[in-house]
Each structure stands twice: as C-alpha cells, then as structure tokens.
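The sequence and model come first.

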Amino acid sequence: MAEVTINNSPVHSDIIITYPYGVADSGYSCGWHTGVDFAPHGETENNPLIYPVKEGEVVYVNLTTTPALGVQVQILDDEGHYWRYCHMVAGSVQVSVGDTVTTQTPLGRMGDTGNVTGRHLHLECSTTQAWQCSTFVNPCDILGIPNVDNTIIHYEDSPEPPIPPTPVTNIVKKFPWQILTRNIRKKRRNYG
Ligand SMILES: [Zn+2]
C-alpha cells in the first residue's frame, strides 16, 4: 500500500484513494471514471474541510444536491486547468464565484450529495470548463501521487522555500590572453 506526503492535498489530514482516475465505468457518460475519489483515512473526521489543490479563482458553484455531482465548486487555476470538487455537504460551501483562493482556503466539506454510494470527494481536472471526455486530465499526475486504489495521502504544510545558493564572489576574471597562453602551454605539453 503506497503512502505519499504532499503539501497541496485537498484535505489537510489523511485521505485514501478509493477509486482511481480512468477506470472503465459505464456509469459515466465518457465510459470511464473521469475523476479520482478520496475518502477520509485514519484519524480524519467524517466530513473534513476540502481545500484547493491549486490556487486560482472560483468560476462556478452549485449549491443544490443534484444532479449527479451534487454540491460542487469549480476553480480555474493559474496554469489554465479547471478543477471541480464534487459531492460536498449541502450548506457547507464557503466560497462564491469570483473569489480568489489559495491552498489554504476552505471550500466546503466532504459529503455524499449527488449520485454516490458513500461519502467522498470526487475531484476532476480539465483543460476546458466544458468537461468533455477529450479534455479531462488525470489529477494524480498534477498532484504527483500514484493513481492507485488504497494510496494513502498525508498532508504536510508547505516547507520553507529552499535558500538559494550563496553566489561565488571571488571569481578571478581571466583575460583572453591568459586563456590563450594556457592553451598554448597545454599544446606544448601534449607535444612535449
Ligand atoms: Zn468519483
């Protein structure tokens, strides 16, 4: 069973992949599972807060429990990907269209609204807001996590950005004639 730790998990405590992206499934209009499903794991509460995996702008909110995807929030990230967070608890959504969100902005709570068999987050990613079969992207690829059933995802707050290396200050600039002389010496050695 794989375990990974990331700083942009949709839940800020442990979750587990219960249904990977791309699995053949006639229950979806594309004929396959167009998102990845996450459920609470270990000590995580039943209806944990959901956070964006990428910062961006809220472009759509559905507060009703229908249709299939239930209560959902859509976000356009800075790289042009659309994300939708589905099946949230009715009445739990904390953002509105036009809001700017970071990976620390709570969107709502994981729930079971829409067409589901149990509580989970169905997370989708697409290159267009039309959510067509040809435009879906595997969210696991972007998150850098295995697209595999039962993968446990731990959350770790963003570490400090790495300190840039100290620039070398004592560079002795070589003049072209010095380099030339050195090359000539080398050649002489070679023929020596
Ligand atoms: Zn799903």
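## Terms and model

A residue counts as buried if 20 or more other C-beta atoms lie within 10 Å of its own, exposed if 12 or fewer, and partly exposed in between, with C-beta atoms placed from the backbone. The model is predicted: local features need pLDDT of at least 70, side-chain atom pairs count only at pLDDT 80 or more, and totals for chains, interfaces and linings use all residues. Residues are numbered from 1 along each chain as its sequence is written.

## Overall fold

The protein has 2 helices and 12 strands. Helices (H or I, at least four residues) and strands (E, at least two) are DSSP runs, numbered from the N terminus. The order along the sequence is β-β-β-β-β-β-β-β-β-β-β-α-β-α.

Of the 192 residues, 28% are buried. Two residues are in contact if their C-beta atoms, placed from the backbone, lie within 7 Å. Among contacts with a separation of 6 or more, 62% link residues 24 or more positions apart.

## Strand β6 and its partners

Two strands pair if DSSP finds at least two bridges between them. Strand β5 (residues 56–62) runs antiparallel to β6, joined by 6 bridges. Asparagine 62 has glutamine 72 in β6 as its bridge partner.

Strand β7 (residues 82–88) is also antiparallel to β6, with 5 bridges. Valine 73 stands opposite tyrosine 85 of β7. β6 and β7 form a hairpin with 4 residues between them. Glycine 80, in the turn, has a positive phi of about 90°.

## Nonpolar core

A nonpolar core is a set of buried Ala, Val, Leu, Ile, Met, Phe, Trp, Tyr and Cys residues joined through C-beta atoms within 7 Å. The largest one has 31 residues; Phe38, Ile50, Trp83 and Tyr85 touch the most other members. At least two residues each come from β2 (15–19), β3 (36–40), β6, β7, β10 (121–126) and α1 (139–143). β7 gives the largest share, 5 residues.

Leaving out residues up to four places away in sequence, isoleucine 50 touches Pro10, Val11, Tyr85, Met88, Leu107, Gly108, Arg109, Met110 and Leu121.

## The start of the chain

Alanine 2 sits in the segment before β1 (3–6). Is alanine 2 buried or exposed? Alanine 2 is exposed, because 12 other C-beta atoms lie within 10 Å.

Beyond residues up to four places away in sequence, alanine 2 touches Pro146, Val148 and Thr151. The C-alpha atoms of alanine 2 and proline 146 are separated by 7.8 Å, although 144 residues apart along the chain.
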